[in-house]
Protein chains: 2
Amino acid sequence: MATFKTRAQHVADDLRERILSGEFKGGSQLRQDALARDYDVSRIPVREALLTLESEGLVEFHAHRGAFTTELSVAAVRELFDLRVLIETHALRYAIPNLTASDLDQAEAILDQYDAALDSGSQIGNWGDYNFAFHHALYAPSGLPETLAIIGQLNTKAGRYIRMQLLYTRKIEKAEREHRELLKLARQGDVAKACQLLETHIKEAAGSVVAVLENSLNSA
Amino acid sequence: MATFKTRAQHVADDLRERILSGEFKGGSQLRQDALARDYDVSRIPVREALLTLESEGLVEFHAHRGAFTTELSVAAVRELFDLRVLIETHALRYAIPNLTASDLDQAEAILDQYDAALDSGSQIGNWGDYNFAFHHALYAPSGLPETLAIIGQLNTKAGRYIRMQLLYTRKIEKAEREHRELLKLARQGDVAKACQLLETHIKEAAGSVVAVLENSLNSA
DNA sequence: ATTTTGCATATTGTATACAGCACACAATTG
DNA sequence: CAATTGTGTGCTGTATACAATATGCAAAAT
């Protein structure tokens with residue numbers, strides 16, 4: 001496959017990472033010229049990258065005024081996480097009957113890998129990526145590509161909030177335990193319980209993000 | 001607000017219409033140069049338009065090979081319409097308690113407007129737009145912008161299939177009756193029945209699209 | 001003092017020009 | 001003859017250059 005990556009895609013990938021990491025506050029203007037210098041490219045691939053990020057909901061364009069990072073809001077968190085519950089349980093329901101041993105092992109491997117990284121004292125860094133990789137591994141066997149795409153979208157949009165949570169709370173261990181439990185239920189093929197757990201898993205995450213966010217917005 | 005429209009946006013809007021209308025078969029290559037001449041602009045806004053359409057799922061980019069319209073598939077129809085049921089009933093559930101008299105009147109006005117256009121013997125043309133406008137009017141009071149955005153996405157993706165259905169079947173009258181009925185249930189505030197009807201409404205549409213599509217793919 | 005009008009400037013949006021990759025077909029080698 | 005490697009062409013991807021718009025500030029008018 002060797003899928004070639006254009007400069008625009010490189011810029012998009014890196015810039016997405018920077019936005020999710022919180023380098024830019026909500027509502028910051030992203031000047032095309034500055035970014036172009038940053039990445040040592042012309043403004044054209046930068047514009048294309050910004051368009052991509054716009055479609056992902058991380059950035060908004062205003063004609064002749066440029067691109068701004070989208071604002072964070074409590075309402076958006078609530079909505080995004082509600083949608084995650086709705087759609088991810090849907091995907092999980094379809095996926096569980098199709099899960100092969102290899103699928104389950106792969107999902108477990110992701111958890112182990114992350115545990116190892118965590119024990120070695122390294123920084124959380126891209127926990128969000130591990131988190132999504134695990135969830136994705138569970139849903140993928142559903143054989144529903146459009147659904148997976150939307151789940152991916154929701155997770156990139158929610159990514160900024162998830163990072164916030166991890167930065168300001170210490171819920172990772174709890175999430176990890178729930179992941180293990182979720183995997184166990186999936187292994188047993190218990191659709192109802194697995195979906196139930198997934199629902200509370202996501203809703204609790206939403207709760208702590210809202211707490212963090214309300215705090216940070218009040219103090220601002 | 002007077003939102004300025006860039007050339008890229010104009011091209012995107014028109015091209016989307018052309019793709020949805022079926023002017024391009026699935027998998028057709030969209031040559032940037034030709035489109036640029038078509039719209040009398042340079043290739044840059046064309047590229048940006050194509051990127052927008054890619055994010056909407058109507059087009060796919062392959063590096064250095066260009067943009068192609070996405071392929072149609074029965075599996076995609078099933079999935080997209082299932083998602084519509086899941087998410088649109090969710091939105092409707094939240095919207096109904098918030099519906100004001102003015103909201104309901106507005107929705108009804110859309111139906112009347114369409115009936116008038118239909119009686120005057122004009123072509124179906126943009127029935128898809130009316131259809132979406134009506135659904136959107138019902139969901140908007142849910143106050144869930146992210147959810148509405150996803151519903152919009154699903155509808156543009158499904159748009160190609162919906163047009164197909166209308167072109168090859170005579171189900172519009174039936175759909176219109178169901179719309180009236182849906183509006184009535186919404187007025188009564190009967191969430192359960194309204195969601196039930198919406199579900200069968202969408203599922204039946206899916207069924208007839210699948211029938212059309214299987215036919216057309218077999219004969220190809 | 002407050003509002004309004006005009007200009008200056010910075011930044012975006014687009015056209016034009018060029019570089020680079022992919023595919024097809026010819027040439028070459030075993 | 002088959003497989004493989006060169007080479008040319010057409011298109012995409014990107015840089016550079018230019019046009020057009022929004023914003024801020026200063027000057028003028030009420």
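Student: In which helix do B:Lys174 and B:Glu178 both lie, and how many residues apart are they?

Tutor: Both sit in helix H8 (residues 172-188) of chain B, four residues apart, or about one turn of the helix. A helix here is a DSSP run of H or I with at least four residues, a strand is a run of E with at least two, and both are numbered from the N terminus. Before we go on, remember that this is a predicted model, where local features need pLDDT of at least 70 and side-chain atom pairs count only at pLDDT 80 or more, while totals for chains, interfaces and linings use all residues. Residues are numbered from 1 along each chain as its sequence is written, chains are lettered from A and ligands numbered from 1 in the order in which they are written, and side-chain values use heavy atoms, leaving out hydrogens and water.

Now for your pair. B:Lys174 makes a salt bridge with B:Glu178, with 2.9 Å between the closest N and O atoms. To count, a side-chain nitrogen of Lys or Arg has to be within 4 Å of a carboxyl oxygen of Asp or Glu. Spacing matters too: an α-helix has 3.6 residues a turn, so residues three or four places apart point the same way. B:Lys174 is partly exposed because its relative accessible area is 32%, whereas B:Glu178 is buried, at 15%. The cut-offs: buried is under 20% relative accessible area, exposed is over 50%, and partly exposed is in between (1.4 Å probe, protein chains only).

A:Asp112 and A:Arg180 meet in a salt bridge at 3.0 Å, N to O. That pair links distant parts of the chain, 68 residues apart: A:Asp112 belongs to helix H5 (residues 101-119) of chain A and A:Arg180 to helix H8 (residues 172-188) of chain A. A:Asp112 has 39% relative accessibility, so it counts as partly exposed, and A:Arg180 gets that label because of its 29%. Chain A also has a network of salt bridges linking A:Lys5, A:Asp13, A:Arg16 and A:Glu56.

Some salt bridges cross from one chain to the other. Between chain A and chain B the count is four. One of them joins A:Glu146 to B:Lys157, with the closest N and O atoms 2.7 Å apart. On the side of chain A that touches chain B, the elements giving two or more residues are H3, helix H4 (74-95) and helix H7 (145-168) of chain A. H4(A) gives the most there, with nine residues. The area buried between the two chains, meaning the accessible area (1.4 Å probe) that they lose on being put together, summed over both, is about 2,300 Å², and carbon and sulfur atoms give 64% of that. In chain A, A:Glu48, A:Glu79 and A:Glu146 lose the most area to chain B, together 25% of what that side buries.
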